[in-house]
Amino acid sequence: MTRSNAREIAAHLIYSMGYTGQSAQELLAARLEEDYYPELAAENDVYAEKPSKKQKQYISDCVKGVAERDKELTAAIEYYSVGWKASRISRFVMAVLKLAVYEILFVDDVPDSVAVNEAVTLTKKYEDDEVGAFVNGVLGGFIRNGKSLEVPHENEEAL
């Protein structure tokens, strides 16, 4: 399994946390089971191959990391989504953005440019090109402005 496929699976799990109410640990326990992949392979080719031990670790680290920092990630994404509230961004796109910001900040072997490119590519797989451009803009702004989860509050002046 490629890192891109593992990333897509991580995005699916992050997306699932947003609407199932399951914790990261519950989803990982259910979705990283060997029996899970054959069931989904017919629906989505990303599940055709089971993740290696290394890819399972990457998926687990990302999903847990996003869950632990969900509020901070959401606030940063909303801040860089100029003119958009988080509630206006589709759940899947928000999952992709959270994953990309998490990778940029906390996954040492993923260069920023790769995190952005993969997020845009993944978004375009499920949404139109304009949404991919939006994702690119949000992540570009995040990187250009110091890659920090600390964002000014409503009545604070942006630096």
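Me: Where does Lys147 lie, and is Lys147 buried or partly exposed?
Reply: In this predicted model, Lys147 sits in the segment after helix H8 (129-144). Its relative accessibility is 32%, which lies between the 20% and 50% cut-offs. Lys147 therefore counts as partly exposed.

Me: What is the phi of Lys147?
Reply: Most residues other than glycine have a negative phi. Lys147 is not a glycine, and yet its phi is positive, at about 50°.

Me: Which residue just after H1 takes a positive phi?
Reply: Helix H1 covers residues 3-20. Just after H1 there is a positive phi of about 80°, and the residue that takes it is Gly21.

Me: How far apart are the end C-alpha atoms of H1?
Reply: H1 has 18 residues, and at 1.5 Å a residue these should span 26 Å.

Me: Is Arg31 buried or exposed, and which residues does Arg31 touch?
Reply: Arg31 belongs to helix H2. Its relative accessibility is 16%, under the 20% cut-off, so Arg31 counts as buried. Setting aside residues up to four places away in sequence, Arg31 touches Leu13, Ser16, Tyr36 and Tyr37.

Me: How far apart are the end C-alpha atoms of H4?
Reply: H4 has 16 residues, which at 1.5 Å a residue should span 22 Å. The end C-alpha atoms agree with this, being apart by 22 Å.

Me: What covers the buried residues of H4?
Reply: The buried residues of H4 are Gln55, Tyr58, Ile59, Ser60, Cys62, Val63, Gly65 and Val66. What covers them includes H1, H2, helix H5 (70-80) and H6.

Me: Are H4 and H6 roughly parallel or roughly perpendicular to each other?
Reply: The axes of H4 and H6 are 10 Å apart, and the two helices pack at an angle of about 105°. Angles from 65 to 115 degrees count as roughly perpendicular, so that angle falls in this class. H4 and H6 are therefore roughly perpendicular.

Me: Which residues of H6 meet H4, and how does the contact divide by class?
Reply: From H4 come Tyr58, Asp61, Cys62, Gly65 and Val66, and they meet Lys98, Leu99, Tyr102 and Glu103 of H6. By class, this contact of H4 with H6 has 5 nonpolar, 1 polar and 3 charged residues.

Me: Is Lys98 buried or exposed, and with which side chain does Lys98 make a polar contact?
Reply: Lys98 lies in helix H6, and it is buried, with a relative accessible area of 11%. Leaving out neighbours within four places in sequence, its contacts are Val66, Asp70, Leu73, Thr74 and Ile77. The polar contact of the Lys98 side chain, at 3.4 Å, is with the side chain of Thr74.

Me: Are H6 and H7 roughly parallel or roughly antiparallel to each other?
Reply: The axes of H6 and H7 come within 9 Å and cross at roughly 170°. An angle over 145 degrees counts as roughly antiparallel. H6 and H7 are therefore roughly antiparallel.

Me: How do the residues of the contact of H6 with H7 divide?
Reply: H6 brings Phe92, Val93, Val96, Ala100, Glu103 and Ile104 to the contact, while H7 brings Asp112, Ala115, Val116, Ala119, Leu122, Thr123 and Tyr126. These residues divide into 10 nonpolar, 1 polar and 2 charged.

Me: How far apart in space are Pro111 and Ala42?
Reply: Pro111 is in the loop between H6 and H7, and it is partly exposed at 43% relative accessible area. In sequence, Pro111 and Ala42 are 69 residues apart. From C-alpha to C-alpha, their separation in space is 32 Å.

Me: How far apart in space are Ser113 and Ile143?
Reply: Ser113 is in helix H7 and counts as exposed, with 55% relative accessibility. Ser113 and Ile143 are 30 residues apart in sequence, and in space their C-alpha atoms are apart by 9.6 Å.

Conventions: Residues are numbered from 1 along each chain as its sequence is written. This is a predicted model: local features need pLDDT of at least 70, side-chain atom pairs count only at pLDDT 80 or more; totals for chains, interfaces and linings use all residues. Side-chain values use heavy atoms; hydrogens and water are left out. Helices (H or I, at least four residues) and strands (E, at least two) are DSSP runs, numbered from the N terminus. The expected span of a helix is 1.5 Å times one less than its number of residues. Buried means under 20% relative accessible area, exposed over 50%, partly exposed in between (1.4 Å probe, protein chains only). A polar contact is a pair of N or O atoms within 3.5 Å; within protein, one must be able to donate a hydrogen and the other to accept it, and residues adjacent in sequence count only if both atoms are side-chain atoms. Contact means heavy atoms within 4.5 Å. Axes are lines fitted to C-alpha atoms, for helices over the stretch in contact, and angles run from 0 to 180 degrees between N-to-C directions. Angles under 35 degrees count as roughly parallel, over 145 as roughly antiparallel, 65 to 115 as roughly perpendicular and the rest as oblique. Ala, Val, Leu, Ile, Met, Phe, Trp, Tyr, Cys and Pro count as nonpolar, Asp, Glu, Lys and Arg as charged, and the others, Gly among them, as polar.
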